Amino acid sequence: MNAIEIENLQKSFGTRRAVDGISLAVRQGEIFSLLGPNGAGKTTTLAMLSTLLRPDGGDARILGHSIKHESAAVKASLGVVPQDIALYMDLTARENLDFWGRMYGLRGGALRQRVDEVLEMIGLTERQKDPVGKYSGGMKRRVNIGAALLHKPKVIYMDEPTVGIDPQSRRSILDSVVALKEQGMTVLYTTHYMEEAQELSDHLAIMDSGRLIASGTQQELIQLVGGLDRIRLAINGDVERVLATWRTITGVKQATVEEGLLMLLVEDSNQALPRLFESAAAAGVRITSVEIQEPNLEAVFLHLTGRALRDG
Amino acid sequence: MEGTAALLKTFDIARKDLLRSFRSAFLLMFMFGIPLLVTGMFALMFGNLQESASPPETADAGQVSMEAAAAALLDVQSPFPERQPVSSGNMVTNVIGPVMGGMLIFFAFFTAVSAAQTILKEEEEGTLPRLFTTPTSAAAILNGKFLAVGLTVLVQISLLLAASALIFHIPWGSLASAALTALGATGAATGFGIFFVSLLKNMRQAGAVTGGLLTLTGMLGMMPVFASSASGEVSPLLLVSRCVPQGWAVNGLLLGLHSASLGEVALNSLALLIWTLAFLWIGVRRFRQRYMKG
Ligand SMILES: Nc1ncnc2c1ncn2[C@@H]1O[C@H](COP(=O)(O)OP(=O)(O)OP(=O)(O)O)[C@@H](O)[C@H]1O
Ligand SMILES: [Mg+2]
């Protein structure tokens with residue numbers, strides 16, 4: 001069953017089409033990443049999905065509830081982690097969590113217990129009585145996430161939750177996203193870091209200028225660029241002769257010379273490399289350096305847009 | 001069920017706002033420190049802190065304006081020779097009391113506006129949008145913010161009245177009349193804050209106009225403090241002060257100070273109530289239009 005179903009969602013600001021008719025489905029219990037550069041329309045999409053912005057066109061259903069017509073039911077099943085930290089800086093972590101828990105309808109002993117659990121989960125039990133304004137960026141990010149988890153939502157949106165923090169905090173956040181999935185939550189995760197999308201997602205969609213330009217599993221997307229590994233080698237010996245032999249090796253799809261280096265496209269570098277070494281040894285040639293590049297989402301984005309993900 | 005849950009959340013939002021206000025040293029200084037300090041300075045200047053410690057026995061004695069008091073103090077020929085010299089009793093009711101009353105109202109309106117501005121601040125800091133993603137109705141959220149403004153001002157006015165009665169022995173009148181004026185002034189300040197902030201787009205705009213507007217209206221409202229007329233004739237300054245809600249609030253306190261009848265005080269509070277309702281009618285509607293479109 002699908003936890004989120006988006007159909008032709010649209011939103012413009014003036015003449016700028018921030019979200020230009022996107023459709024996708026997120027299965028229950030999976031991590032779905034929306035990968036895209038700055039200004040792609042990720043936050044605008046999430047704002048519509050959390051009923052903050054009314055779509056100009058299209059609709060979406062969260063656990064069967066329409067964002068247009070059943071906003072109360074949608075909000076009750078959601079946890080939203082905003083991109084910009086939205087907390088009361090003069091209140092402590094505990095006071096913040098207590099307050100947000102109340103806004104999700106928790107009270108009394110149940111609330112206290114959940115606040116304890118969430119503080120534990122985000123690793124801030126010790127510092128719970130310090131004002132959030134005195135925390136490091138990573139700690140604030142963790143409270144920002146914790147505030148969306150108190151009511152154990154079935155669906156959670158996380159809008160670039162790791163932006164601008166140290167590697168350690170990022171690690172702990174990524175681990176907690178996986179932990180949420182293991183608890184049965186559906187996570188819709190936006191990011192412009194390819195590595196995060198690659199690591200976390202069951203399915204993902206690539207968004208650019210308000211449109212989805214591709215979606216599927218990582219494997220499916222990588223098929224778009226051919227799914228071939230790229231190997232770059234340097235040898236001491238006759239390049240042309242070696243090239244002729246290597247073209248005949250099974251699994252090698254293409255072999256060319258670029259700036260004195262051998263460039264090979266192979267189906268699977270694990271299987272091809274031993275054969276290449278064998279053949280080189282037989283021909284009395286030494287391989288002096290090897291570089292393997294597996295196809296990644298960066299390559300997919302480049303392939304589809306002609307631009308690199310990072311420079312947006 | 002739904003209704004109770006919404007009401008509880010409204011109280012939670014108000015409680016959170018109060019916690020934030022009363023934890024801020026800056027706000028506390030502003031709300032309580034400055035009005036008391038300014039009044040304290042006046043009390044010291046007039047050198048009567050000690051003597052005025054005895055309860056004023058002649059609250060009804062000839063009412064002396066600040067000018068006259070200052071003139072007497074400086075030993076200058078008084079421009080109002082018919083007036084009595086300042087005694088410790090009427091020093092409290094004619095100088096220290098009115099100054100305290102004026103300061104109290106002046107700063108209560110500041111508090112109301114700054115509390116109402118947290119709506120704009122929360123919008124810009126993202127906590128208000130975040131609130132709108134929770135299963136809390138926009139009405140419950142706004143009501144919580146409005147309630148917080150009212151409660152903050154009520155606490156400020158009540159504490160300042162009590163503190164100044166204790167420290168400066170200012171006789172604010174009977175408990176009933178002080179309470180009526182405190183409530184009326186709280187309402188008017190709250191309404192004014194919500195109304196005024198509802199006209200603003202964002203905090204940048206707020207920063208540009210708030211100080212000036214509050215100072216201007218606050219000063220107009222304080223006119224009666226400097227112009228309480230002995231002869232009973234209505235000074236034009238008094239009329240001007242009635243154009244702003246602060247004037248009516250100050251008037252309520254002065255009435256109590258001069259032991260006016262409960263009826264007079266009640267009538268003045270009724271006027272404050274009208275200000276309150278008019279401001280709220282516009283302000284609340286504007287906020288609802290802004291945040292409850294969907
Ligand atoms: N409130 C708004 N008013 C006008 N334009 C807006 C508004 N919000 C977003 N936009 C525009 O819509 C487009 C999409 O913005 P959005 O914030 O959704 O992108 P994003 O993918 O979240 O980017 P980022 O990775 O930088 O957060 C941008 O061109 C942005 O300038
Ligand atoms: Mg964004």
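These legends walk through close-up views of a predicted model. Residues are numbered from 1 along each chain as its sequence is written, while chains are lettered from A and ligands numbered from 1 in the order in which they are written. In this prediction, local features need pLDDT of at least 70, side-chain atom pairs count only at pLDDT 80 or more, and totals for chains, interfaces and linings use all residues; side-chain values use heavy atoms, with hydrogens and water left out.

**View 1. The shell around ligand 1.** Here 13 residues surround ligand 1, and A:Gly39, A:Lys42, A:Thr43, A:Thr44 and A:Glu160 are the closest (a residue is near if one of its heavy atoms lies within 4 Å). By class, four are nonpolar, six polar and three charged (Ala, Val, Leu, Ile, Met, Phe, Trp, Tyr, Cys and Pro count as nonpolar, Asp, Glu, Lys and Arg as charged, and the others, Gly among them, as polar). With three residues, α1(A) gives the most to this shell (helices are DSSP runs of H or I with at least four residues, strands runs of E with at least two, numbered from the N terminus).

**View 2. Side chains that meet oxygen atoms of ligand 1.** Look for the side chain of A:Thr44, with an N or O atom 2.5 Å from a ligand oxygen. A polar side-chain atom of A:Gln83 lies 2.9 Å from an oxygen atom of ligand 1, and for an N or O atom in the side chain of A:Arg16 the distance to a ligand oxygen is 3.4 Å (a polar contact here is a pair of N or O atoms within 3.5 Å). On its own, ligand 1 has 630 Å² of accessible area, and the protein covers 64% of this (Shrake-Rupley method, 1.4 Å probe).

**View 3. Strand β1(A) and its two partners.** β1 (residues 2–13) of chain A pairs with β2(A) in the antiparallel sense over nine bridges (pairing needs at least two DSSP bridges). Follow A:Lys11 across to its bridge partner in β2(A), A:Val19. Two residues sit between the strands of this hairpin, where A:Gly14 takes a positive phi near 65°. β1(A) also pairs with β4 (residues 57–62) of chain A, antiparallel over five bridges; there, A:Gln10 has A:Gly57 as its bridge partner.

**View 4. The lining of the largest pocket.** Of the 48 lining residues, A:Thr51, A:Leu52, B:Pro129, B:Phe132 and B:Thr133 lie nearest the pocket's centre. The lining divides into 23 nonpolar, 11 polar and 14 charged residues (on a 1 Å grid over the protein atoms alone, a pocket is an open set of points where a 1.4 Å probe fits, with protein on both sides within 12 Å along at least five of seven lines; lining residues have an atom within 4 Å of a point).

Methods: A polar contact is a pair of N or O atoms within 3.5 Å; within protein, one must be able to donate a hydrogen and the other to accept it, and residues adjacent in sequence count only if both atoms are side-chain atoms.
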